[in-house]
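I opened a new notebook page for this structure.

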Amino acid sequence: MKRLAQHALFWPSATLALLLLVNGVLNPSFLAISWRDGHLFGNLIDILNRAAPLMIVSLGMTLVIAIRGLDISVGAVVAIAAAVAALLVGGGFSADGAVASRYPLWFALGAALMVAMICGLWNGLLVVKAGMQPIVATLILMVAGRGVAQLLTGGQIITVYYPPYYVLGSGFLLGLPVALWIAALLWLVLQLLATRTGLGLFIRAIGGNPEAARVAGVRAADIALCVYTFCGLAAGVAGLIISSNVKSADANSAGQLLELDAILAVVLGGTALTGGRFSLAGTVLGALIIQTLTATIYSLGVPPEVNLVVKAVLVFAVMLLQSAEFRALVLRTVRARAGAA
Amino acid sequence: MNDRAIVLEARGISRAFPGVQALAGVDLTLRAGEVHALMGQNGAGKSTLIKVLTGLCAPDAGQIKLLGREVSLHSPQQAQRLGVSAVHQESHLLPNLSVAENICAGRYPRRSWPRGGGIDWPETRRRARELLGRLGIDIDVTQLAGGLPAAVQQLAAVARAVAGDARVLILDEPTSSLDTDEVQALFRLIRTLRDQGVAILFVTHFLDQVYEVCDRMTVLRNGRLVGEYACSQLDARGLVAAMVGRELAETHKSTTPAPDTPDVPAALAARGLTRRGALKPVDVELRKGEVLGLAGLLGSGRTELARLLFALDSRDGGEIHVDGRDCRLEEPADALRLGLAYCPEDRKQDGIVAELSVRENIVLALQARMGLASFLNRGEQVALADRLVAALGIKTASIDTPIGQLSGGNQQKAIIARWLATNPRVLILDEPTRGVDIAAKQELMGEVMKLAADGTAVLFISAEIEEVVRVADRILVLRDRAKAGELPGGASEDAVYSLIAGGMTAGEA
């Protein structure tokens with residue numbers, strides 16, 4: 001039991017389990033899963049589907065934070081990728097009533113992801129080559145990126161009329177959401193890269209002591225560029241899923257405040273904000289915790305105007321539960337009481 | 001001398017850490033007006049004893065008496081209130097505050113309430129000036145501490161430590177980053193404080209310094225007390241034997257010179273290597289199987305030359321040839337690929353990744369050279385780390401211990417192990433013996449000679465001329481960021497010193 005409690009994933013898992021349990025007690029149907037329309041159906045499946053974009057963005061963010069960086073432009077990149085994809089897919093009813101995309105789907109998706117990667121590379125160049133503080137460097141794209149997205153869409157919400165595009169955000173494969181498969185695949189690839197190649201060691205070395213890593217011959221600058229570029233790519237993938245889910249691209253609100261949720265997911269998962277120690281699986285759990293919190297608020301029927309306050313309180317409680325110092329304090333207090341009694 | 005008043009008395013101090021008994025029943029007695037050396041190898045328990053005395057860590061057993069009264073120390077602040085202050089290896093002044101602010105930090109004089117109750121800055125400066133004056137230190141107290149040379153910062157740190165009427169002053173390797181003149185300045189301060197009746201505990205690896213400034217010493221070995229001696233009782237050889245527990249056979253360079261083979265290209269050659277503000281154009285040639293010693297004062301360009309050779313800093317001019325080929329050397333990663341290796345001078349900042357394990361630190365450079373394409377799996381990492389830990393005698397609870405928990409000398413060995421793992425053709429060692437105890441020093445130098453005998457070209461940089469003379473086949477001397485001259489192996493220390501000092505030699509005239 002003690003060894004289990006010391007495992008890095010114990011507290012994120014426990015937090016998630018506790019949240020689900022509370023929901024299950026308050027609303028037994030919350031945990032119900034059924035088979036409907038050829039796929040699994042229920043609150044839990046919905047959470048998995050909605051958490052997928054956050055998971056994907058947070059995985060990219062995990063690596064950036066692990067090398068002592070930060071990327072607060074991911075929300076803006078989501079909006080850009082969504083706008084590019086929506087514009088290129090477009091779609092509409094042709095004269096004969098059949099739906100068609102403006103450009104082939106593969107081209108639209110590829111172009112959107114390419115633009116997202118360029119955004120990430122831009123961030124990386126500012127940090128690595130221009131030597132800017134990561135938060136400042138990515139702040140530029142955070143502000144400018146949303147402007148670019150609005151420029152692309154002409155300030156309009158671009159609606160996509162091309163059903164094949166909807167698969168990403170609301171399709172199912174083998175009974176589970178396609179978005180979840182994408183997130184799982186991404187996690188698996190990263191996990192293999194981190195444990196079956198030197199990448200994990202390099203990232204932890206750079207995060208732990210960048211100068212020592214460079215002296216040891218680690219190409220720290222190149223790795224940092226790749227990590228920022230990957231973070232952009234991940235945000236792009238999330239942008240596609242989000243816009244596909246709502247069948248449109250809204251430059252104004254797509255990915256709004258997503259960077260903060262992503263950072264929160266990374267921290268909840270046990271990655272150190274100071275760099276070095278990171279956990280990809282922990283990040284996935286962190287993203288699930290955040291989405292479950294959101295679902296909990298809806299399921300409790302909290303009025304929209306107090307929504308954010310309730311979320312803040314819940315996040316606060318979750319952070320306390322995950323804080324080793326706070327747990328030690330509680331334990332000491334409890335023991336002191338027991339000793340006195 | 002025994003009649004001097006005893007200020008601090010520690011009896012039977014024990015302390016265990018997971019897997020290690022750091023201290024077992026150690027006694028220490030400090031007397032007023034005496035400088036007392038605490039001697040021992042890395043891992044002997046010196047650091048732990050200091051931590052106990054300064055309240056950083058509680059002993060498992062034993063008692064500490066201050067002025068005859070038993071005390072329990074549980075924080076550095078409280079120890080300081082009781083009159084026990086410490087200055088650590090690297091001085092801990094706040095670089096962005098002035099000297100006066102640093103010295104009075106935590107006990108700023110306040111203005112009276114009618115005048116606002118803020119900090120009384122003129123009084124702060126006056127007190128700092130008065131204290132420094134009393135100690136015979138001449139520093140402008142309004143200067144920012146960060147702008148002062150390391151040695152002057154060290155003096156100010158000592159002044160700060162005694163500002164609150166310290167009765168006991170602990171100096172933990174205060175001289176390890178100072179050059180000769182700076183050490184003398186510190187010693188003058190130590191003597192001043194001693195004459196004012198402060199009991200001083202002095203920890204160092206430099207034996208000659210012990211005999212220069214100390215009256216008495218306590219020797220530890222493997223966490224146990226070996227004994228307390230007056231410095232006049234125990235000579236350097238006896239002291240080393242006490243620390244190591246055996247007689248040391250001093251490593252001496254075999255007298256066979258490196259084979260003179262001018263047609264074989266040098267393993268590493270640099271021509272006109274220069275960087276503005278760091279090094280004037282210098283030529284270096286390093287042959288296979290040779291140890292080239294690099295001597296010079298602090299700031300003479302020793303480290304700068306090494307960093308340029310390893311492409312850690314970009315050069316403003318000059319070429320670097322490896323095995324005769326002109327190499328595009330832009331980054332340490334390039335140097336690594338060409339078979340170069342560099343043990344940096346500042347192992348905390350440029351060497352170790354503190355939270356990674358000993359194993360991960362050891363495999364880092366080799367994995368970096370292999371890149372992402374191939375991977376040292378867990379079994380290979382363990383085998384490599386086990387072999388090197390055994391070969392270099394690295395003391396660690398396990399190869400999975402975070403390297404930050406090892407003692408300084410063992411961290412240094414692990415960094416050397418990291419480079420040995422890459423089978424380097426050229427090994428650049430920048431002050432490898434700094435902060436390393438005497439036995440480990442001997443082992444390290446023996447290791448260097450063995451590597452050279454196996455064909456590695458070694459560039460050996462050290463501030464200790466005696467060491468350079470002992471291991472080097474040739475000695476390159478730098479002065480004022482330029483080459484001052486070159487001496488053959490076996491040259492006398494005096495010859496090296498006169499080159500460093502700028503005396504006339506055959507090479508110059």
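Entry 1, domains. The domain bounds I use come from an automatic or database domain assignment. The model is a predicted one. I looked up how chain B is divided: domain 1 covers 6-83 + 165-244, and domain 2 covers 268-501. I read 32 Å between the C-alpha centres of domain 1 and domain 2 of chain B. Their contact takes 12 residues from domain 1 of chain B and 16 residues from domain 2 of chain B. On the domain 1 side, helix 8 (residues 236-244) of chain B gives the most, with three residues. I sorted that side of domain 1 into four nonpolar, six polar and two charged residues.

Entry 2, the two chains. I found 26 residues of chain B in contact with 20 residues of chain A. Helix 10 (332-337), helix 11 (347-351) and helix 12 (358-370) of chain B each give two or more residues to the chain B side. Helix 12 of chain B gives the most, with seven residues. The chain B side holds 16 nonpolar, four polar and six charged residues.

I traced an open sheet of six strands in chain B, in the order 6-7-8-3-9-10, with mixed pairing. Strand 6 (84-87) and strand 10 (224-230) of chain B each have a single partner strand, so one side of each is left without a neighbour in the sheet. Neighbouring strands are turned by 20° against each other on average, direction ignored.

Entry 4, inside the sheet. Strand 3 (residues 35-39) and strand 9 (residues 216-221) of chain B run parallel, joined by four bridges. I noted B:Leu38 opposite B:Thr218 in strand 9 of chain B.

Note on methods. Residues are numbered from 1 along each chain as its sequence is written. Chains are lettered from A and ligands numbered from 1 in the order in which they are written. This is a predicted model: local features need pLDDT of at least 70, side-chain atom pairs count only at pLDDT 80 or more; totals for chains, interfaces and linings use all residues. Two residues are in contact if their C-beta atoms, placed from the backbone, lie within 7 Å. Ala, Val, Leu, Ile, Met, Phe, Trp, Tyr, Cys and Pro count as nonpolar, Asp, Glu, Lys and Arg as charged, and the others, Gly among them, as polar. Two strands pair if DSSP finds at least two bridges between them. Axes are lines fitted to C-alpha atoms, for helices over the stretch in contact, and angles run from 0 to 180 degrees between N-to-C directions.
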